[in-house]
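Have the model open while you read.

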Amino acid sequence: MDVGRKRMLINGQWVESLNGEFIPVENPSRKGSVVGEVPRAKGVDVDRAVISANKAFEGWRKVSARERGRLMNKISEAIEAKVEEIARTTALETGNAIRTQSRPEAILTADIFRYFGGVASEIKGETIPLGENLLSYSRREPIGVVGGIVPWNSPVGLAALKIAMSITAGNTLVLKPSSEAPLAVLRLVEICAEFLPPGVINVITGTGSECGLPLAKHPLVRKLSFTGSHEIGRTIMEAAAERIVPVTLELGGKSPQIVFPDADEPQTVDGVFLAMRFTRQGQSCTAGSRLFLHESIYDSFLEKLIKKLKSLKIGDPLDESTDMGALINRTQFEKVCSYVEDGMRQKGARLLTGGLPPKEGPLSQGYFMEPTVFGNIQNEWRIAREEIFGPVLVAIPWKQEEEAIRMANDSHYGLAAFIWTHNIGKALRTAHQIESGWVQINQGVGIVPGQSYGGFKQSGFGREYSLEGMLESFTQRKSITINLQF
Ligand code: NAD
């Protein structure tokens with residue numbers, strides 16, 4: 001399937017980039033095969049898009065929050081009718097299996113719009129009791145043009161968030177998807193644009209340096225919302241600092257999973273498996289990729305986990321029976337392989353399953369890798385410290401609770417964490433000491449709209465995904481005080 005040449009949306013028009021150049025989008029499950037092309041936007045195109053969003057802001061900010069919410073609900077219904085199309089396109093361009101990943105992501109996309117449609121009327125201020133002779137109240141006002149930049153790993157879900165939060169709050173948006181996975185996002189924007197005035201939503205496609213950077217630096221962009229790696233997050237923060245605009249950074253992670261001795265059971269194995277996002281090839285910021293197992297259950301737990309991993313079906317993302325698809329591209333594939341080689345070279349480390357990908361056979365035709373687990377890892381080693389963003393889990397034994405918590409917190413990241421035990425005291429004690437933005441106890445699922453999401457430490461700052469996140473990150477508070485004795 002080739003979706004052909006796509007265009008970008010600027011000021012309600014579907015256009016090519018001014019230079020007429022295109023970027024091919026590769027199908028990761030068939031190396032070298034192209035599934036579509038998108039315009040290669042540069043600074044001049046970014047400028048057109050931002051000017052259009054800036055113009056549309058004057059009208060959009062005046063639309064009542066309730067009406068904006070009504071439109072989000074309509075968008076949600078329209079997405080629901082196109083779930084299969086969005087899911088198939090996502091599977092094709094990302095390599096994420098349709099049953100386990102791409103379809104659930106498309107369904108979540110509709111839910112995100114429904115959630116923000118429902119809470120739109122809650123964009124409101126307070127009255128402040130300053131005394132009988134003063135009336136003081138606050139308003140939540142939109143900020144202006146938002147520059148939203150998203151990665152490829154969960155492209156439509158993350159794009160939906162940026163769109164729904166910024167536009168429901170009364171801002172206008174210039175969205176830049178990753179050039180690795182822009183096709184389903186373009187389809188999503190097409191659906192949104194049917195319900196919105198021209199210029200309220202704009203989407204530009206291109207590379208990070210040619211298109212993302214000019215967007216981050218554009219003088220008319222009043223708010224930056226970035227999801228991606230912490231290296232590029234730093235660049236975005238520098239651009240924000242230069243003009244003093246607010247910025248939200250949703251960055252990477254190396255999240256711990258702590259398994260207590262009483263949780264050596266099949267349901268924890270299933271939960272740990274889910275939390276590691278093996279069915280998204282481990283390409284998730286939330287992935288629980290450091291597994292801290294109590295020494296008394298270390299071998300028995302790993303045995304069960306490995307048995308489960310060996311039963312996974314890896315292959316064609318569009319096949320309904322596939323559990324795990326392909327990694328996004330050659331660069332990421334080679335990067336993950338280099339971490340596996342690094343682990344294999346490490347003295348004392350044990351490769352328990354997986355390893356380097358097959359060089360022959362059907363799996364060698366795409367960027368496929370088997371789920372990989374290393375045992376006897378030390379928390380200070382590179383494979384335990386750096387975000388691999390692949391299906392590579394490292395298992396680390398522990399004896400004392402404090403030791404497990406210390407190792408879990410010994411990371412420059414702090415996005416998520418998972419705790420597994422039936423002992424509520426231990427679970428909560430641990431959860432309160434963990435330095436992460438989101439701790440799950442006895443489950444390893446994805447975030448649900450309504451929960452504020454974001455990181456501690458170098459996993460970023462600012463919160464998104466909830467009403468509070470939208471108010472904090474996409475509105476600005478104004479206080480108005482009236483002297484009643486005048
Ligand atoms: P990335 O940082 O390379 O790219 C993210 C986006 O930034 C892309 O659209 C890219 O084109 C753009 N970009 C690249 N260079 C840029 C520049 N110089 N200026 C402006 N924009 C630029 O990340 P990726 O490889 O696409 O995605 C993987 C990363 O995203 C991982 O680190 C992962 O943990 C993180 N992530 C975080 C969350 C979260 O919510 N915290 C969610 C998903 C992914």
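**Notes on the pocket, cavities and cysteines**

1. Let's start with the second largest pocket: its lining residues come out as six charged, five nonpolar and one polar. Keep in mind that we're looking at a predicted model.

2. Who are those residues? The lining of the second largest pocket takes in a run of Arg 61, Lys 62, Val 63, Ser 64 and Ala 65, along with Arg 68, Ile 123 and Ala 169, plus Arg 139, Arg 140, Glu 141 and Pro 142. The volume of this pocket is about 200 Å³.

3. Which elements give two or more residues to the lining of the second largest pocket? They are α2 (65-80) and β6 (134-142). β6 gives the most, with four residues.

4. How many cavities of 30 Å³ or more turn up in a search of the whole structure? There are two.

5. The largest cavity has a volume of about 70 Å³. Its lining is made of 13 residues, and the ones nearest the centre are Gly 282, Ser 289, Glu 387, Ile 388 and Phe 389. By class, the lining of the largest cavity splits into two charged, five polar and six nonpolar residues.

6. The second largest cavity holds about 50 Å³ of space. Here 14 residues form the lining, with Ala 408, Tyr 413, Gly 414, Glu 435 and Ser 436 nearest the centre. Nonpolar and polar residues number five each in the lining of the second largest cavity, and the other four are charged.

7. As a reminder, a disulfide is a covalent bond joining the sulfur atoms of two cysteines. Searching the whole structure gives zero disulfides. Take Cys 211, which is in no disulfide: the nearest cysteine sulfur belongs to Cys 192 and is 18 Å away.

8. Is Cys 211 buried or exposed? Cys 211 is buried, with a relative accessible area of 0%. Cys 337 has a relative accessibility of 11%. The cut-off for buried is under 20%, so Cys 337 counts as buried too.

Technical notes. Residues numbered from 1 in each chain as written. Predicted model: local features only at pLDDT ≥ 70, side-chain atom pairs only at ≥ 80, totals over all residues. Heavy atoms only, no water. Disulfide = S-S within 2.5 Å. Buried < 20%, exposed > 50% of the residue type's maximum accessible area, 1.4 Å probe, protein only. 1 Å grid on protein atoms, 1.4 Å probe; cavity = no way out; pocket = protein on both sides within 12 Å on 5 of 7 lines; lining within 4 Å. Points joined across faces, edges and corners; volume = space filled by probe spheres on them. Nonpolar A, V, L, I, M, F, W, Y, C, P; charged D, E, K, R; others polar.
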